[in-house]
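The sequence and the model are shown first.

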Amino acid sequence: MVLLQISPNNAVSSPAGTPGPDGLVLVGDLMVVTAYVLVAGTLFYLAIRQKNQERKVVLTLFGVTALMGGALHSLNFWGDGNDGGLFLVLRLVFGVIALVATGLLIKAVPGLLAIPSPEQLQKANDELREQIAERERSQAALRQVQQDLEQRVQERSARAITATRELEREVENRKRAEKQLISKNYELVKKNADLDDFVYYASRDLRAPVLNITGLVEALKEELPPDNPEFNQLFARLDDSVSSIHRKLYNITEVSRIQRPVKEEELSMVSFTQVLELVRERLAEPLSIAEANLHTDFSAAPEVYFSRDNLLSLLTNLISNAIKFRDALRPLQITLSTRHQDHYLVLTVQDNGMGMDLSQYGQHLFSLFRRFHDHVEGSGVGLYIIKRIMDNNRGKVEVDSVLGEGTTFQLYFVNHEQ
């Protein structure tokens with residue numbers, strides 16, 4: 001009905017030699033126009049729905065081209081074959097638009113080709129899923145490693161806690177042992193102190209009876225005939241025994257005395273020269289018999305912060321030792337000098353006596369009651385007293401000796417001024 005109501009003036013011109021309006025042509029043109037419009041609308045709709053810019057442009061250009069094709073076919077309904085005015089211009093405009101759209105479409109083809117195909121997308125998706133699966137496997141392995149690590153950490157933490165508890169128990173045991181040791185040491189120190197007191201006072205008190213025995217011996221000498229050789233021999237042996245007892249008691253008293261800590265009020269600046277004069281007086285007879293020559297040089301350090309009695313004991317034992325072990329083939333020369341070294345004040349006592357073999361006797365040199373020569377009188381306590389006095393005062397003793405040439409003692413006193 002619609003096709004029959006179209007005016008004959010709107011029909012497309014038939015070719016020469018054919019009848020006028022042809023209904024089939026009109027139906028064909030209408031179907032083409034409808035198809036173009038539907039295709040253009042569909043393309044525009046798809047372009048609007050697209051998010052990818054390349055596809056949106058391509059679909060829009062396709063839609064424009066289809067729309068222009070539909071527009072050209074629609075002009076057949078409004079003009080005839082002899083009309084070359086407005087319809088020709090419109091045909092030209094629509095053609096140009098279609099041509100431009102086609103050119104832009106061709107230009108957009110490379111961008112369109114860059115868009116992955118479904119197969120490519122599927123392949124990419126498969127690869128992505130494989131990567132995701134691989135990552136999941138890696139994450140699973142990592143979680144397993146983390147679990148193993150956490151388990152190891154827990155095991156080690158448990159072992160550490162156990163070790164810590166054992167260490168705490170060991171520390172507690174050691175603390176108890178230390179307390180017991182401190183208690184035992186205290187008891188031992190107290191017993192040693194009591195023993196030192198006993199030895200000191202016993203040896204001191206025994207000296208009076210020994211002196212009384214000496215006096216009685218002298219009294220007996222005066223009462224008995226002086227020309228009796230048997231009595232003279234007996235008294236000589238008795239004198240030697242009493243003298244030996246007296247020396248032993250003195251040495252025991254001296255050893256016991258140096259075990260006691262020096263009180264602060266006993267320390268003062270002591271002159272080496274003054275103490276040496278006391279030693280000269282005490283050893284006047286042995287020095288005279290040995291014809292010893294004493295040389296001194298205390299200019300570097302004339303005084304030392306020390307106990308006067310201890311310094312007297314040191315010099316007495318050192319000089320007495322040099323006298324005992326002098327070389328009979330040459331005059332005895334004893335040299336005393338002082339110097340400063342680091343934080344020490346050093347006293348050097350050098351002699352030209354017999355000397356000793358330190359490789360043989362060095363490790364026992366300062367032992368108590370140890371003697372290395374039997375041809376001279378001695379008790380084996382002199383060097384022990386020297387070493388003990390220096391140790392008690394945070395000092396030290398060094399010995400250098402050459403057999404047949406002499407011995408040098410170096411006493412290191414803590415420098416009080418520094």
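L314 is placed in helix α8; helices (H or I, at least four residues) and strands (E, at least two) are DSSP runs, numbered from the N terminus. The model is predicted, so local features need pLDDT of at least 70 and side-chain atom pairs count only at pLDDT 80 or more, while totals for chains, interfaces and linings use all residues. Residues are numbered from 1 along each chain as its sequence is written, and side-chain values use heavy atoms, with hydrogens and water left out.

**The chain as a whole**

The secondary structure comes to ten helices and seven strands. Of the 418 residues, 27% count as buried; buried means under 20% relative accessible area, exposed over 50%, and partly exposed in between (1.4 Å probe, protein chains only). Among contacts between residues at least 6 apart in sequence, 68% join residues at least 24 apart, where contact means heavy atoms within 4.5 Å.

L314 counts as buried because its relative accessibility is 0%. Leaving aside residues up to four places away in sequence, L314 touches F306, I386, I389, M390, L411 and F413. L314 and G382 are separated by 68 residues in sequence, yet their C-alpha atoms are 8.6 Å apart in space.

Helix α8 (residues 308-324) packs against helix α10 (residues 382-392) at an angle of about 145°, and the two axes are 9 Å apart. Axes are lines fitted to C-alpha atoms, for helices over the stretch in contact, and angles run from 0 to 180 degrees between N-to-C directions. The crossing of α8 past α10 is left-handed, a term used if the near helix is turned anticlockwise from the far one by less than a right angle. On the α8 side the contact is made by N310, S313, L314, N317 and L318, and on the α10 side by G382, I385, I386, I389 and M390. By class this contact has six nonpolar, four polar and no charged residues; Ala, Val, Leu, Ile, Met, Phe, Trp, Tyr, Cys and Pro count as nonpolar, Asp, Glu, Lys and Arg as charged, and the others, Gly among them, as polar.

The buried residues of α10 are G382, L383, Y384, I385, I386, I389 and M390. Just after α10, R394 takes a positive phi of about 60°.

**The sheet**

Five strands form an open sheet of mixed pairing, in the order β2-β4-β5-β7-β6; two strands pair if DSSP finds at least two bridges between them. β2 (293-297) and β6 (396-402) stand at the edges with a single partner strand each, so one side of each is left without a neighbour in the sheet. From one strand to the next the twist averages 15°. The pairs are listed below.

| Strand pair | Sense | Bridges | Residues opposite each other |
|---|---|---|---|
| β2 and β4 | parallel | five | N293 and Q333 |
| β4 and β5 | antiparallel | eight | T335 and Q350 |
| β6 and β7 | antiparallel | seven | D400 and T408 |

Two hairpins belong to this arrangement. The hairpin of β4 and β5 has two residues between the strands, and D342 in it takes a positive phi near 55°. The hairpin of β6 and β7 has three residues between them, with G404 in the turn at a positive phi of about 90°.

Eight of the nine residues of β7 are buried, so this strand is largely enclosed by the rest of the structure. Helix α10 lies across β6 and β7, running at about 25° to β7. Helix α6 lies across β2, β4 and β5, at about 170° to β2.

**The nonpolar cores**

A nonpolar core is a set of buried Ala, Val, Leu, Ile, Met, Phe, Trp, Tyr and Cys residues joined through side-chain atoms within 4.5 Å. The largest has 38 residues, of which L311, L314, I319, I334, L347, L411 and F413 touch the most other members. The elements that give two or more residues to this core are α6 (272-282), α7 (284-290), β3 (303-307), α8, β4 (333-341), β5 (344-351), α10 and β7 (406-414). Helix α8 gives the most, with eight residues. Another core, of five residues, lies apart from this one and includes M68, L75, F94 and A98.
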